Amino acid sequence: MSFLKLTKSIQKINNFNKINLINKYFSTTTTTTTKSSNVKLNDGRILKFEDKQTPLTIANKINKTIGKQSILSRLNGNKLISMKEIIEMNGLDYNIEFLNFEEHSDARICFWNSSSLVLARATMEHFKNENKEIELINFGHLVNAQTADNINQGTFFIDIFFKDKNQTIKEFDINKIKKIMEYIVKRNDKFEILKDDQDDSSSSSSSSSSSSSSSSSSSSSSSSSSIIKFGEFKFKNKFLTIDSSNSIVSLDLIKNSSVVGPNKEYSELQRIVGISFPSKDQMNNWVEIQKIAALRDHRVIGKDQELFFFHPFSPGSCFFLPHGTKIYNKLLQFLRLEYRKRGYQEVISPNIYNQKLWETSGHWDNYKDNMFSFECDHTQYSLKPMNCPGHCLMYAHRARSHKELPMRIADFGVLHRNETHGSLSGLTRVRRFQQDDAHIFCTPDMIREEIKQCLDFMKYVYTIFNFTFHLELSTRPDSYLGELSVWEKAENSLSQVLTEFCADKWTINHGDGAFYGPKIDIHLKDANGKNHQCATIQLDFQLPIRFNLEYSGGLNNNEEDINNNNNNNNNNNNNNNNNNSLNRPVMIHRALFGSVERMMAILMEHTAGKWPFWLSPRQCIVIPVSNKFNEFAQEIHSKINLAGYDVDIDLNDSKLLSKKIREATISQYNYIIVVGQEEIDTNILNVRKRDLPEDNKQVKLSLNELFSEFKLNIEQFK
């Protein structure tokens with residue numbers, strides 16, 4: 001056989017063996033059964049999919065628009081995963097939700113967390129090019145629970161520390177950083193997730209090793225942290241990221257400022273805040289909303305209407321000017337009248353307490369960093385950040401009978417909290433403030449009725465201000481005090497009352513209760529669509545135990561014991577209650593405004609500075625046509641003032657009448673009274689009403705008719 005024929009024969013044998021191997025492979029793979037699962041979708045449909053699918057694959061098979069818009073997915077109601085993560089369920093059925101930016105706060109948080117990484121990387125690249133040493137301290141989203149549902153109330157941030165303390169961020173830096181961010185996004189750089197064992201710490205920059213406490217809460221898929229590699233930098237954090245950086249279609253850097261650092265080593269940080277969206281239309285809408293919000297900003301209104309100001313000599317403590325003080329006092333007076341109707345008694349308590357009080361209450365271990373403390377006579381004291389421990393002392397200063405309960409006490413005392421300098425923001429976050437604080441001491445069988453009355457009170461107040469609201473039950477936190485059984489009892493009581501009050505229109509906020517008890521948080525929505533958390537109702541079984549609060553009699557006493565106790569005077573009660581059992585009261589913490597300062601800020605923006613007459617600091621102004629009618633104008637002004645209404649007068653002869661009226665209109669006076677010869681002759685006033693249509697603002701009223709209208713406005717909260 002020739003060499004050529006031999007070679008061809010060997011090749012035929014090899015081809016034959018290859019064909020046999022291929023046939024064998026396909027015969028084994030085709031006989032393997034692929035597992036599949038029933039997958040329940042957002043809309044309730046149940047579809048069958050093979051195992052080891054990604055959420056993106058499932059979404060695209062349903063509708064490619066869903067796949068394009070979805071940022072995250074949620075498995076079985078609790079586990080958040082990225083759209084490209086493989087789902088391995090081994091044939092088990094599961095639920096899947098697709099979360100998009102518009103409708104889901106978890107998706108927005110993920111999006112803004114990812115945006116903060118783009119900002120962090122761009123900032124480090126920029127200052128590296130500028131040969132300036134920085135350290136990345138913090139990064140993540142700026143979304144709080146009160147605004148999480150609003151697409152236009154979320155941002156992202158980074159905090160950096162300059163090794164050279166004389167360095168700050170300048171406009172030049174911001175512009176450069178933004179350009180680098182846009183370049184990163186355009187290039188579509190990927191976020192690479194590495195497990196801890198994949199991380200090569202030697203290549204990780206020290207400036208990118210810190211994690212953000214604000215960004216690891218709601219978008220974490222597991223408790224274990226991972227390394228996010230992005231460009232040459234690595235970031236250690238827990239949050240999920242979007243799959244591709246080019247999902248960030250529109251971005252901007254909107255603010256930079258100094259903030260107080262976490263410790264002495266990093267005492268002052270530089271913060272950059274940005275905003276981003278997956279579409280340009282969303283960004284344009286956000287810009288328009290910011291323009292409108294700027295006009296309604298309570299800080300702008302407060303300045304324009306001369307209501308309040310702040311000064312660096314007392315940061316976080318407000319100076320209320322006369323007109324601002326009028327509004328403040330009217331809010332307090334409104335509540336005082338309601339307290340009288342609803343069985344509350346107002347008290348006054350000290351501002352300064354010994355450290356031992358806060359140790360007894362538990363606040364020293366849980367809250368001391370937020371308290372202003374000092375030493376006096378070799379003893380540690382603190383300004384009170386809340387009223388509840390002091391009210392416990394008031395309850396305990398003598399023996400109490402069940403017949404005194406419920407005991408409802410209210411306190412408008414001044415409180416101080418050591419908020420960080422960077423968190424201070426107008427009237428919404430201050431260090432010195434007053435709460436519409438009340439505490440109710442009651443027997444366990446009174447809880448349901450007292451909580452119900454608190455909710456009714458809240459509904460009445462918020463209806464007057466035209467607020468809408470929703471309720472949230474915040475349950476036991478990890479750092480809770482007391483017995484688990486006591487907590488469960490408290491949470492069950494609140495759940496039942498909420499269901500009775502508003503059926504199923506309330507939600508649970510797991511783990512966000514106070515350390516001493518569960519609470520009902522009320523989130524109001526103002527005219528601008530902003531959400532605010534002001535009112536709170538908290539059930540507390542812990543402070544009565546810590547302060548050993550007791551009452552005699554009640555459910556455990558028979559009728560004879562109660563009658564005997566009724567014949568004893570208060571002095572005998574301290575020593576002669578052997579026939580009466582001693583029981584532990586329950587304490588309810590209740591605030592409706594939260595702080596008066598915060599409520600004023602909300603009302604300024606809610607009304608856009610157009611105060612209703614009953615709250616207005618400028619209810620009326622008297623303007624004479626010329627100076628020869630000044631005496632009559634002063635007479636009218638005096639009568640209105642003595643009747644108890646807030647009235648001003650403009651006797652400035654250098655201004656034309658039209659200018660006076662225009663200035664009064666801009667200042668939002670509810671009524672403008674113009675007087676001249678005709679008003680003197682007829683004793684009928686020419687009155688312009690702010691809230692009437694433009695073509696019908698001017699009316700003729702006698703002074704008595706005007707007073708009747710004023711009185712009606714106040715009675716009806718108009």
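Modeller: Buried means under 20% relative accessible area, exposed over 50%, and partly exposed in between, computed with a 1.4 Å probe on the protein chains only. This is a predicted model, in which local features need pLDDT of at least 70 and side-chain atom pairs count only at pLDDT 80 or more, while totals for chains, interfaces and linings use all residues. Residues are numbered from 1 along each chain as its sequence is written, and side-chain values use heavy atoms, with hydrogens and water left out.

Colleague: Are Asp-650 and Lys-655 buried or exposed?

Modeller: These two form a salt bridge (a side-chain nitrogen of Lys or Arg within 4 Å of a carboxyl oxygen of Asp or Glu). The closest N and O atoms of Asp-650 and Lys-655 are 3.2 Å apart. As for accessibility, both Asp-650 and Lys-655 are buried.

Colleague: How many salt bridges does the structure hold?

Modeller: One of them links Glu-125 to Arg-121, with the closest N and O atoms 2.9 Å apart. Counting every pair, the structure's number of salt bridges is 31.

Colleague: By about how much of a helix are Glu-125 and Arg-121 separated, and why?

Modeller: Helices (H or I, at least four residues) and strands (E, at least two) are DSSP runs, numbered from the N terminus. Glu-125 is buried, as is Arg-121. Because they are four residues apart in helix H4 (residues 105-129), the separation of Glu-125 and Arg-121 is about one helical turn.

Colleague: How many residues apart in sequence are the parts that Glu-419 and Arg-429 tie together?

Modeller: Arg-429 is partly exposed, with 36% relative accessible area, whereas Glu-419 counts as buried at 17%. Glu-419 forms a salt bridge with Arg-429, their closest N and O atoms being 3.4 Å apart. Glu-419 lies in the loop between strand E20 (414-416) and strand E21 (432-442), and Arg-429 in the loop between E20 and E21, so the distance in sequence bridged by the pair is ten residues.

Colleague: Which residue of E4 is the bridge partner of Arg-74?

Modeller: Four bridges join E3 to strand E4 (residues 79-82), and the two run antiparallel. For Arg-74, the partner in E4 is Leu-80.

Colleague: Which residue takes a positive phi in the hairpin of E3 and E4?

Modeller: The hairpin has three residues between the strands. The residue with a positive phi, near 50 degrees, is Asn-76.

Colleague: Why is one side of strand E16 and of strand E17 left without a neighbour in the sheet?

Modeller: Three strands form this open sheet, in the order E16-E18-E17 and with antiparallel pairing. Strand E16 (352-354) and strand E17 (373-376) stand at the edges, so each of them has a single partner strand.

Colleague: Which residue of E18 is the bridge partner of Ser-373?

Modeller: E17 and strand E18 (residues 379-383) run antiparallel and are joined by four bridges. The partner of Ser-373 in E18 is Ser-382.

Colleague: Which element gives the most to the lining of the largest cavity?

Modeller: On a 1 Å grid over the protein atoms alone, a cavity is a set of points where a 1.4 Å probe fits but cannot get out, and a pocket is an open set with protein on both sides within 12 Å along at least five of seven lines; lining residues have an atom within 4 Å of a point. Among the residues lining the largest cavity are Val-486, Trp-487, Tyr-516 and Phe-541. Helix H13 (484-502) and strand E25 (531-540) are the elements that give two or more residues. The one that gives the most, with three residues, is H13.

Colleague: Which element gives the most to the lining of the second largest pocket?

Modeller: This pocket is lined by 22 residues, and Gly-67, Lys-68, Gln-69, Ser-70 and Ser-247 lie nearest its centre. Two or more residues come from each of helix H3 (64-69) and strand E3 (70-75). With four residues, the element that gives the most is H3.

How values were computed. Two strands pair if DSSP finds at least two bridges between them.
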